[in-house]
Every structure is written in C-alpha cells, then in structure tokens.
Amino acid sequence: MADLITIEDPDDPRLRDYTGLTDVELRRRREPAEGLFIAEGEKVIRRAKDAGYEMRSMLLSAKWVDVMRDVIDELPAPVYAVSPDLAERVTGYHVHRGALASMQRKPLRAAEELLTTARRVVVMEAVNDHTNIGAIFRSAAALGMDAVLLSPDCADPLYRRSVKVSMGAVFSVPYARLESWPKGLETVRAAGYRLLALTPDEKASSIDDAAAHKLAKVALMLGAEGDGLSRQALVAADEWVRIPMAHGVDSLNVGAAAAVAFYAVATGRPTD
C-alpha cells in the first residue's frame, strides 16, 4: 500500500518530478535523461499502470484521493496530496484533471525487433508537434497498426501532451527510433516491407489504387505538418501514395491524413 503524504511546501524536493511541466524545452531534456514521464488524468494513469509502467509517485488534489484509492492501495509508490493552488505553483498550470503520476520509462525496443512480428508499420519523419504525435498514435492503435518507427528528430511520444492527446494509446502501440535517416529505411525494406510515402503530390497514386491493404507488409511514411516528407525520404520510398481530395482542398492535417491512410492499409478491408 502506498504512503499518502500531505505536502504544503511547493519547494519540497519530493515534488521535483512535477516541477515546470509547462517548460517544454526543460522537460524534453529532463524526462528522457531521468527515465521518467508524466501521466495526466485518471484514465491515462490507469492505462500506463496496466501497460506495465512502474509508478514513481502520484500527485493528487484532495478530491481525487478517493477516486484513485484502488491504485493507491495497490501500488507501493508514494502519493502526494496537495491543494489545487499548490499543484499549480509546482507544475506551472491549473491541473484540471487533478491527478498526475510520474512513471518510469521502459528501455526502448530496437526497430529490428518490432519489424519481425508486425505487418502494418507507421514511419514518422520529423514530426515534432506533440499534439500530432498523440493523434497519430491514437489512430494507429484504433485502426490496427502494429508498430511505429520514428526518425531520430521526431518528438517524444511520452511527453505529457502526446500522452494526453493519445488518451494513453502511446502505451498500446510499440515504437522504436531508427538510428539514422533516411538510411534506417533500408532496415525496414530488408524486413520485407513495401515503403509507401504519403504525399499530396499529383504524381502520387491514389492510396486505394495502390491496394495497400492487399500487401503482406506495409510501412506507411508520414512527414511533419506543413513540410511533409523530405525529398530524401520520398526518393527512398518504393511508391508515393495520396489521399484524393475534393472541393479544392489540397491536403489534410497530418493527424487526420494518418487516420484515413491507416484505414486504407488495414488488413481487414474487403479485397475487391
């Protein structure tokens, strides 16, 4: 059973994991280096726990203690009960959901390991917006993608905003980072995947015409919002595919485009 500890000093060193949560650059450096990430909200905390992440501690406002009582009773990590005002002073923002947990990261798996068992893989290049990362992971989980591979410069899927937007789906889809880009794509191709680059370019085939759902192994490549895939990534792809647009719209937000494309490559679709 966890210890329930009431804290009234925002400078208490036991709250260090939760300090400055709105300082993006600080948290980007600290969290991977210290092997932690922050889960926000009851559902996300429960999903992180159920996915096997070890809890370092919880930070709760008083009214959330009873809601999280079963978790408190189950886990040995300390639970810090604080007022909403103190939580805001520590974190830098009003914690609407009233519950935060500091979780221990797991060792990142190798891309080669994921590729041996997956059939439908997402490959992201330079996607640095945490909201987009979270949205893409949520769609990947919902629409049956088996794994996500990230270029070295992609944002952290376990950053608080990404986890929150994904509603914990980042815990459901295994992911890895490619060590180099675009050379790392050769690892994907060598594992038997056809590399499909999603682009609005008119020279690209319609994603339905490409019949991606019939292919044994597909790696769908997505670029950052606005810039899209780099020229080097497009050259490395086996085929360019696009989502047909109507009413003069040239493209979709990368999160929306990802969801449409994931459905198009899903293996459960009709074959004719």
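Predicted model: local features only at pLDDT ≥ 70, side-chain atom pairs only at ≥ 80, totals over all residues.
Residues are numbered from 1 along each chain as its sequence is written, and side-chain values use heavy atoms, with hydrogens and water left out.

Here are some whole-chain values.

| Property | Value |
|---|---|
| Span of the C-alpha trace along its principal axes | about 60 × 35 × 35 Å |
| Buried share (under 20% relative accessible area, 1.4 Å probe, protein chains only) | 52% of the 272 residues |
| Positive side chains (Lys and Arg) | 34 |
| Negative side chains (Asp and Glu) | 39 |

The centres of the positive and negative sets sit 3 Å apart, placing each charge at NZ of Lys, CZ of Arg, CG of Asp or CD of Glu.

Now for the fold. The chain has ten helices and twelve strands, both being DSSP runs (helices H or I, at least four residues; strands E, at least two) numbered from the N terminus. Take contacts, meaning heavy atoms within 4.5 Å: among those between residues at least 6 apart in sequence, 77% link residues at least 24 apart.

Setting aside neighbours within four places in sequence, Arg-46 touches Val-67, Met-68, Asp-70 and Val-71. With Asp-70, the Arg-46 side chain makes a side-chain polar contact of 2.8 Å (N or O atoms within 3.5 Å, one able to donate a hydrogen and the other to accept it; residues adjacent in sequence count only if both atoms are side-chain atoms).

Notes:
Buried < 20%, exposed > 50% of the residue type's maximum accessible area, 1.4 Å probe, protein only.
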